[in-house]
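Subject: Structure for you to look at

Hi,

Here is the structure I promised to pass on. Please open it next to this email and follow along.

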Amino acid sequence: MEAINIHTIIEGCLVNNREARVLLYQQVFDIGLPVARYYARNENGIYTILDNTYFHILEELPFYDSTKLGFKSWIRQVVIDKGLEQGLPLAEAVYLLQVVEGYDRKDIETRLNIPAAEVERLYQKAAKKMSAP
């Protein structure tokens, strides 16, 4: 099977090529599904996150700069953003961003726009909940 060239897909999407858009959705789905599962409450939530990610990426494709961020990383970031928009409790969001996604506390503070002390408190709360029997 031939490897998919993401630049070819992007170029096709920019000229409204239907096949390229389908391939883009497949990329979003394949890369984003494992991430979306962490942020959704149910299966419908997963697909909502992936659909919102797809449309966001499609809209922002003309501005995508592969020298600043790899395509897979960009998809992951958008999935996380769209997942956080689903109303995940802050303690869970902090925990997922730190433990699952590997963000440091300063990045979480900036991304969620909350003070450092609150990040620490929420992390401890979520960690305690996760370790409870």
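Glu120 has a relative accessibility of 29%, so it counts as partly exposed. The cut-offs are these: buried is under 20% relative accessible area, exposed is over 50%, and partly exposed is in between (1.4 Å probe, protein chains only). The side chain of Glu120 meets that of Arg105 in a salt bridge, at 1.9 Å from N to O. Arg105 is in helix H6 and Glu120 in helix H7, so the pair ties together parts that are 15 residues apart in sequence. Arg105 is also at 29% relative accessibility, so it counts as partly exposed.

Before going on, some ground rules. This is a predicted model, where local features need pLDDT of at least 70 and side-chain atom pairs count only at pLDDT 80 or more, while totals for chains, interfaces and linings use all residues. Residues are numbered from 1 along each chain as its sequence is written, and side-chain values use heavy atoms, with hydrogens and water left out.

Salt bridges

Side chains of opposite charge can pair when their charged atoms come close. Here, a salt bridge means a side-chain nitrogen of Lys or Arg within 4 Å of a carboxyl oxygen of Asp or Glu. The whole structure has 7 of them.

Arg41 and Glu92 join through their side chains at 3.3 Å, N to O. Arg41 sits in the loop between helix H2 (18–39) and helix H3 (43–60), and Glu92 in helix H5, so this pair ties together parts 51 residues apart in sequence. Arg41 counts as exposed, because its relative accessibility is 56%.

Asp81 and Arg111 form another salt bridge, at 2.3 Å, N to O. Asp81 belongs to helix H4 (residues 71–84) and Arg111 to helix H6, so parts 30 residues apart in sequence are tied together. Asp81 is partly exposed because it has 34% relative accessibility. Arg111 is at 26%, so it counts as partly exposed too.

Helix H7

Helix H7 covers residues 116–131. The expected span of a helix is 1.5 Å times one less than its number of residues.

Which residues of H7 are buried? They are Val119, Leu122, Tyr123 and Ala126. Seen down the axis of H7, the buried residues fall within an arc of 105°, so they line one face of the helix. That arc is taken from the directions from the helix axis to the C-beta atoms. The buried residues of H7 pack against H5 and helix H6 (105–112). The face turned away from the buried side carries the exposed residues Ala117, Lys128 and Ser131.

A surface patch

Tyr38, Val99 and Val100 make a nonpolar surface patch of about 240 Å². Patch residues have over 30% relative accessible area and no salt bridge; like charges are joined within 9 Å, and nonpolar side chains (Val, Leu, Ile, Met, Phe, Trp, Tyr) within 5 Å. Val100 is in helix H5 (residues 90–100).

The whole chain

The protein chain has 7 helices and 0 strands. Both are DSSP runs, numbered from the N terminus: helices are H or I with at least four residues, strands E with at least two. Of the 133 residues, 39% are buried. The C-alpha trace spans about 50 × 30 × 25 Å along its principal axes.

Best wishes

Notes: Areas by Shrake-Rupley, 256 points an atom, 1.4 Å probe, with all protein chains shown as cover. Contact = heavy atoms within 4.5 Å.
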